Amino acid sequence: MKQLIQNVRLETSYQSENEVIVKTNTEITDVLIKNGVFTKIGPNLQETADVTIDAKKQLLLPSLREMHIHIDKTYFGDDWQAPIPAKDGIYTRLEEETTLLPEQLDTAEQRAHTMVQHYIRNGHTHIRTHVNVDPQIKTKHVQLAKRVLQAYEDKITYEIVAFPQHGLLRNGTEFLTTLEEALKLGVTHIGGVDPASLDRNIGEVLTTTFALAKKYNVGIDMHLHDRDTLGAFELHRILDYIEQNEFTQPVTISHAFALAGLSDVELNELMQRMAKNNVDVTTTVVISDENVTLPVKKLYDNGVAVSFGHDSLIDHWSPFGTGDTVQKLNLFIERCGYIDEYQISQSLKYATGGITPLNEQGKQIWPQIGDQANAILVDAVSSAHMIARQCPISTVFSTGKTIYQADIALEGAYRG
């Protein structure tokens, strides 16, 4: 299949004044997509195509990736319901789930469909979802998530994390059998939560987690909320296990709040080890009275890949998720105080799996001939403009195929 996008805006370089980047230069051109990849880029392409789209000078950018969500336990798409206060912290939520999740089984699948469709409308072509495996729900949520996501295999790619939300060891050996049953269903990762504070046995949790990951050839996504020296110790122990087991599957640390409160010496040591072992980080860009905003740019600059996620789109844990990653980027630049064209535009990489149209030197690196055509059309004049003004997405392409398109009022540079 051939698809021609005409009159599309591409970023080409940065413009500087007095050694300060003040603008992103763009050009209006045509893009040809064939069999899911970019095959020609240039003005006034004279090509016969199965589908021709007039982009009307909208900006073409890489599509977005949601790297931390729970599609299996949400109120999204149903009646409004705020969470109750968590008087006993995480244990309040775990106690709720023993009855709430079984009660929601009749509606959970439709809510998950609604959530995935919402993500597609908001420019995402990849989703990583964490899915409860616990003594009450057992493998039902893994089966549910697989059914839902398989329905969108022609639109998105996805990863499923078998997530022992209620702890790995505290529910006994019978639960480990249940977790193995979930891993046999074809998930991509095994998860985990705060082995020190939830299971209170770091060594046994990591020994079991890495053994299961190796046995089923899956990655690891460990949620670490523990702060300061305890969280740092857990991070170092995970890195120890990677090295001792010569573990080569991907390892993600979600939240990683400890990284926000370490001294420069401690942080540098951890960053070096994480980069060496290809450990990446996912953050929701936390807004809190406590200092839990991660040093995202410093991590990335030191070789630790960082991705953004929402965690939830309203559930019994939180009422705040939106599934709008452009809004998440906007929150990030405001939190970090980024106001200039360069820093704002380079922040796009945290939502796209590291892809930006221009590299740090201002050279155009996307799209290139042969790149997979996962992209969005945005009513914006640059990446920075889209992020700062939260410009709307009109069209979403997945491997060259239009998977979402909406009529929007085009305002371009005049957007308020």
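How many nonpolar, polar and charged residues does the lining of the second largest cavity have? By class, that lining has 6 nonpolar, 4 polar and 1 charged residues. The model is predicted; a search of the whole structure finds 2 cavities of 30 Å³ or more, and the structure holds 16 salt bridges.

**The second largest cavity**

- The volume of the second largest cavity is about 50 Å³.
- Its lining is made up of P164, G167, L168, G191, G192, V193, L198, D199, V205, T209 and M222.
- Two or more residues of this lining come from each of the elements β9 (189-193) and α5 (202-216).
- Strand β9 gives the most to the lining of the second largest cavity, with 3 residues.

**The largest cavity**

- The largest cavity holds about 80 Å³ of space.
- Around the largest cavity lie the lining residues K297, D301, Y338, Y342, Q343, Q346, S347, K349, Y350 and E360.
- By class, 3 residues of this lining are nonpolar, 3 are polar and 4 are charged.
- At least two lining residues of the largest cavity are supplied by each of α8 (296-301) and α10 (341-346), and α10 gives the most, with 3 residues.

**Salt bridges between separate elements**

- Side chains of opposite charge can pair when their charged atoms come close.
- R128 and E159 meet through their side chains in a salt bridge, at 3.1 Å from N to O.
- Because R128 belongs to strand β7 (residues 124-132) and E159 to strand β8 (residues 157-163), this pair ties together parts that are 31 residues apart in sequence.
- R128 is buried, at a relative accessible area of 5%, and E159 is buried as well, at 16%.
- The side chains of K215 and E180 also form a salt bridge, with an N to O distance of 3.1 Å.
- K215 is in helix α5 and E180 in helix α4 (residues 173-183), so the pair ties together parts that are 35 residues apart in sequence.
- K215 counts as exposed, at 55% relative accessibility, whereas E180 is partly exposed, with a relative accessible area of 22%.

**A salt bridge within a helix, and a network**

- D240 and R237 form a salt bridge in which the closest N and O atoms are 3.0 Å apart.
- These two residues are separated by about one helical turn, because D240 and R237 are 3 residues apart in helix α6 (residues 228-244).
- R237 counts as partly exposed, at 22% relative accessibility.
- A network of salt bridges links R237, D240, E243 and R273.

Key:
Residues are numbered from 1 along each chain as its sequence is written. This is a predicted model: local features need pLDDT of at least 70, side-chain atom pairs count only at pLDDT 80 or more; totals for chains, interfaces and linings use all residues. Side-chain values use heavy atoms; hydrogens and water are left out. On a 1 Å grid over the protein atoms alone, a cavity is a set of points where a 1.4 Å probe fits but cannot get out, and a pocket is an open set with protein on both sides within 12 Å along at least five of seven lines; lining residues have an atom within 4 Å of a point. Grid points are joined across faces, edges and corners, and a volume is the space filled by probe spheres set on the points. Helices (H or I, at least four residues) and strands (E, at least two) are DSSP runs, numbered from the N terminus. Ala, Val, Leu, Ile, Met, Phe, Trp, Tyr, Cys and Pro count as nonpolar, Asp, Glu, Lys and Arg as charged, and the others, Gly among them, as polar. A salt bridge is a side-chain nitrogen of Lys or Arg within 4 Å of a carboxyl oxygen of Asp or Glu. Buried means under 20% relative accessible area, exposed over 50%, partly exposed in between (1.4 Å probe, protein chains only).
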